[in-house]
Amino acid sequence: MVDEVAPWNSGSWRLELDAGEGRLTRTDAADRVLGPRGLALLWTGAGSGRGAATAGLVTGPGDPAALDLLACGQAPQLRDYF
């Protein structure tokens, strides 16, 4: 992954989730690539893993729906009416 805004985050990272806790460690190999834009989309709940993959923000093997575990809370809503 290349992070143009925060280059110190560039490279491959392994995300491990266990019992509601997550840990990131640097790694040399990556089987699935999720860039900062895709991570932001999932983290905010604004999209799904499949949606991010369809938009080209996730690449690699496996079902991208597994990335839905990264979502925080419900999808954003706009409750104002125009």
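The model is predicted: local features need pLDDT of at least 70, side-chain atom pairs count only at pLDDT 80 or more, and totals for chains, interfaces and linings use all residues. Residues are numbered from 1 along each chain as its sequence is written, and side-chain values use heavy atoms, with hydrogens and water left out.

**Overall fold**

The chain holds two helices and four strands. Helices (H or I, at least four residues) and strands (E, at least two) are DSSP runs, numbered from the N terminus. Their order from the N terminus is β-β-β-α-α-β. Along the principal axes, the C-alpha atoms fill a box of roughly 50 × 30 × 25 Å.

Of the 82 residues, 17% count as buried. Buried means under 20% relative accessible area, exposed over 50%, and partly exposed in between (1.4 Å probe, protein chains only). The chain exposes about 6,400 Å², and carbon and sulfur atoms supply 55% of it. Accessible areas come from the Shrake-Rupley method with a 1.4 Å probe; for residues, only the protein chains shown count as cover.

A contact means heavy atoms within 4.5 Å. Among contacts with a separation of 6 or more, 46% come from residues 24 or more positions apart.

**The hairpin**

β1 and β2 pair in the antiparallel sense over seven bridges. Two strands pair if DSSP finds at least two bridges between them. The two strands form a hairpin with two residues between them. Ala19, in the turn, has a positive phi of about 55 degrees. Asp18 has Glu21 of β2 as its bridge partner.

Trp13 sits in β1. Trp13 is partly exposed, at a relative accessible area of 33%. Beyond four places in sequence, Trp13 touches Leu24, Thr25, Arg26 and Thr27. Ser12 also lies in strand β1. Ser12 contacts Thr25, Arg26, Thr27, Asp28, Ala29 and Ala30, leaving aside neighbours within four places.

Two C-alpha separations involve these residues.

| Pair | Places apart along the chain | C-alpha separation |
|---|---|---|
| Trp13 and Thr27 | 14 residues | 5.3 Å |
| Ser12 and Val2 | ten residues | 9.0 Å |

**The largest pocket**

The largest pocket has about 930 Å³ of space. On a 1 Å grid over the protein atoms alone, a pocket is an open set of points where a 1.4 Å probe fits, with protein on both sides within 12 Å along at least five of seven lines; lining residues have an atom within 4 Å of a point. Grid points are joined across faces, edges and corners, and the volume is the space filled by probe spheres set on the points.

The lining has 30 residues, and Trp13, Arg14, Leu15, Leu24 and Leu34 lie nearest the centre. β1 (12-18), β2 (21-27), β3 (33-34) and α1 (36-43) each supply at least two lining residues. β1 gives the most, with five.

The lining divides into 19 nonpolar, six polar and five charged residues. Ala, Val, Leu, Ile, Met, Phe, Trp, Tyr, Cys and Pro count as nonpolar, Asp, Glu, Lys and Arg as charged, and the others, Gly among them, as polar.
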